[in-house]
Amino acid sequence: VHPLRQDPVRYGDVVTTLAILTAAGSGTRLGHDLPKALVELDGLPLLLHAARRLCASGVIDRIVVTVPSGAGPRVRDLLQNDPAVTVPVEVVDGGGTRQASVAAGLALAAHDDDVVLVHDAARPLAPPALVRRVVAAVRAGYRAVVPGLPVTDTIKLVASAEQLSAADAVHGVEPVTWTVDRTWLRAVQTPQGFDRALLDRAHAAGESRAADESLAATDDAALVEELGEPVHVVPGDDLAVKITTARDLRFAGLLLLEDS
Ligand code: CTP
Ligand code: MG
């Protein structure tokens, strides 16, 4: 029996899993009038694609969606009227950064779930099998689990802006410091899965960064790493690509055709 399982209060017979679906961003780089999570892919808003796949995994007990302020009623209607969204859904106004939005989701949710999954509506095609893989690893005792894929590009570290010479700046070149060994690099996706108590502690400790986009954590696992607690990677999935630009949205359309 894994040590986590020996705690009869938190890991009794019933282990429940909450998914926080982040959808409060504006989608500036996508450049639509609508918030990104409400932009449609194959006739369906991105957040519905994501919520359907969370539900189809069969391992999620309820969903809290972080929404742009004012969009709550519309998002609640969308989710409650979708027959493929089979678990209870709550909405909460997000914050100014992704980190602040996740914190708002955690604050809304009662503390009775054992596992929390954090997933971006911007990754609408993350498949149910990926959701199950992440949750299974958390339930096996890994308290912080992220899906990741090997990196295919060669990655170079460049000098910081202060280290550029005047000539470099004029010519628009950056000196290379180092080529990173990509064998050990992973491009990390969502859903990310956590022991509930650990994620609460990580967000509490990182709270001072949450308001400022330049300081805020871009994923939740970084806050756990900041605590000095272990984070583990499970294999990611090509379908879990993030939609940032208009081209990403067209690419996701192609993936959907391929997948069906
Ligand atoms: N997100 C959020 N609250 C914020 C910012 C982002 O819930 N204040 C969510 C987004 O809705 C998205 C995910 O976090 O699902 C990843 O963010 P990103 O891809 O950066 O989306 P946007 O912030 O909407 O896009 P952009 O940065 O181009 O404006
Ligand atoms: Mg953003």
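Reply: Contact first: it means heavy atoms within 4.5 Å. Leaving aside neighbours within four places in sequence, proline 230 is in contact with Ala144 and Val224.

Me: What kind of model is this, and how is it numbered?
Reply: This is a predicted model: local features need pLDDT of at least 70, side-chain atom pairs count only at pLDDT 80 or more, and totals for chains, interfaces and linings use all residues. Residues are numbered from 1 along each chain as its sequence is written, chains are lettered from A and ligands numbered from 1 in the order in which they are written, and side-chain values use heavy atoms, with hydrogens and water left out.

Me: Where does proline 230 lie?
Reply: In the loop between H7 and strand E12 (232-235). Helices (H or I, at least four residues) and strands (E, at least two) are DSSP runs, numbered from the N terminus. Proline 230 and valine 145 are 85 residues apart in sequence, yet 9.1 Å apart in space, C-alpha to C-alpha.

Me: New topic. Is aspartate 120 buried or exposed?
Reply: Aspartate 120 counts as buried because its relative accessibility is 9%. Buried means under 20% relative accessible area, exposed over 50%, partly exposed in between (1.4 Å probe, protein chains only). Aspartate 120 is found in strand E6.

Me: What does aspartate 120 touch?
Reply: Leu21, Thr22, Arg98 and Thr190, not counting residues up to four places away in sequence.

Me: Which residues of H3 are buried?
Reply: In H3 (residues 98-108), they are Gln99, Ala100, Ser101, Val102, Gly105 and Leu106. Their cover includes strand E1 (17-22), strand E6 (115-120) and helix H6 (196-205).

Me: On to ligand 1. Which residues come nearest?
Reply: Gly27, Thr28, Arg29, Ser101 and Lys242, out of 19 around ligand 1. Around means near: one of the residue's heavy atoms lies within 4 Å of the molecule or strand.

Me: What about polar atom pairs?
Reply: A polar contact is a pair of N or O atoms within 3.5 Å; within protein, one must be able to donate a hydrogen and the other to accept it, and residues adjacent in sequence count only if both atoms are side-chain atoms. A side-chain N or O atom of serine 101 is 2.6 Å from a nitrogen atom of ligand 1. For glycine 95, a backbone N or O atom lies 2.9 Å from a ligand 1 nitrogen. An oxygen atom of ligand 1 sits 3.1 Å from a side-chain N or O atom of threonine 66.
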